[in-house]
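I opened this structure with a notebook beside me. Here is what I looked up, entry by entry.

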Amino acid sequence: MSGFASLRLAFSAAVLGAMLCAPQASAQSAAAPAQTVTLGPSGLPLPRFVSLKPARVNSRVGPGANYSVNWMYMKAGLPMEVIQEFDTWRRVRDADGSEGWINQSLLSGRRTAIVAPWQRGKGGRINLLDDPNKDANVVAIIEPGVIGSIKKCDGQWCEMTFDGHTGWMAQSQVWGAYPGEKVKN
């Protein structure tokens, strides 16, 4: 049996044991909606958001340096969604839906997001606000497609920094945090 298969078997046994030995959930927690979390071989959730470390990153057609490059990303901090893991390789998806494999050493857990990439080129602008409230004062006006750093998200709003300007933006307006996800960067 390979090391990976035995690790997976041990992990499955541990999860099953924990489920069987866990005390019954209280009525309050039973009323909360069930949230399914899938863990990858790394022990981290799948899918999840990460960002690129260097400014030049090759995306490959398969999980290894012997696979051909299908795309080169040229922007450090670009958010990516990890959707699969194999050894030290991560299958990622970008905001445009393109997928490829990138070595984990080129990815960072630092959370970034792209403002409304689905509105790029349509002339719209998104307000960065001084409070997490749609009626708050505008700190800056951000064009769709701009990348910012996530400081935190509360499930509805994300506090973000764009070129020295920090403020709040509706979480539904960013690609880099899941709807309802709470983030502390």
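**Overall fold.** I began with contacts, meaning heavy atoms within 4.5 Å. Among those in the protein chain between residues at least 6 apart in sequence, 55% join residues at least 24 apart. Next I listed the secondary structure: two helices and 17 strands. Helices (H or I, at least four residues) and strands (E, at least two) are DSSP runs, numbered from the N terminus.

**Ground rules.** This is a predicted model, where local features need pLDDT of at least 70, side-chain atom pairs count only at pLDDT 80 or more, and totals for chains, interfaces and linings use all residues. Residues are numbered from 1 along each chain as its sequence is written, and side-chain values use heavy atoms, with hydrogens and water left out.

**Confidence.** I checked pLDDT, the predictor's confidence in each residue, from 0 to 100. The protein chain averages 85, and 81% of the residues score at least 70. Residues 1-35 have a pLDDT below 50. Beyond near neighbours in sequence, this stretch has four contacts in the model. Where pLDDT is low, the predicted coordinates should not be read in detail.

**Surface.** I looked up the accessible area, which comes from the Shrake-Rupley method with a 1.4 Å probe; for residues, only the protein chains shown count as cover. The protein chain exposes about 11200 Å². Carbon and sulfur atoms supply 54% of that area. Of the 185 residues, 34% count as buried. Buried means under 20% relative accessible area, exposed over 50%, partly exposed in between (1.4 Å probe, protein chains only).

**Cores.** I then turned to the nonpolar cores. Each is a set of buried Ala, Val, Leu, Ile, Met, Phe, Trp, Tyr and Cys residues joined through side-chain atoms within 4.5 Å. The largest has 16 residues. Val-115, Ile-142, Ile-150, Met-160, Phe-162, Met-169 and Val-174 have the most contacts inside it. Strands S10 (112-115), S11 (126-129), S12 (138-142), S13 (147-154) and S14 (157-162) each supply at least two residues of this core. The largest share, three residues, comes from S14. Leaving aside neighbours within four places in sequence, Met-169 is in contact with residues including Val-115, Leu-128, Ile-142, Phe-162 and Val-174. A second, separate core of twelve residues includes Leu-46, Met-80, Val-82 and Val-92.

**Aromatic rings.** Which residues form one aromatic cluster? I found Phe-49, Trp-175 and Tyr-178. Rings of Phe, Tyr and Trp (its six-membered ring) pair if their centres lie within 6.5 Å; planes under 30 degrees apart count as stacked, over 60 as edge-to-face and the rest as tilted. The count comes to three aromatic pairs. Phe-49 and Trp-175 are edge-to-face, at 4.9 Å centre to centre and 85 degrees between the planes. Phe-49 is in strand S3 (residues 48-52) and Trp-175 in strand S16 (residues 174-175), 126 residues apart. Both are buried. Phe-49 and Tyr-178 have ring centres 4.5 Å apart and planes at 40 degrees, so the pair is tilted. Tyr-178 lies in the loop between S16 and strand S17 (182-184), so this pair ties together parts 129 residues apart in sequence. Phe-49 has 8% relative accessibility, so Phe-49 counts as buried. Tyr-178 has 22%, so Tyr-178 counts as partly exposed.

**Ser-108.** Last, I looked at a serine in strand S9 (residues 107-108). Is Ser-108 buried or exposed? Ser-108 counts as buried because its relative accessibility is 17%. A polar atom of the Ser-108 side chain lies 3.0 Å from the backbone nitrogen of Arg-110. Leaving aside neighbours within four places in sequence, Ser-108 is in contact with Val-50, Ser-51 and Lys-53.

Conventions:
Polar contact = N/O pair within 3.5 Å; in protein donor to acceptor, adjacent residues only side chain to side chain.
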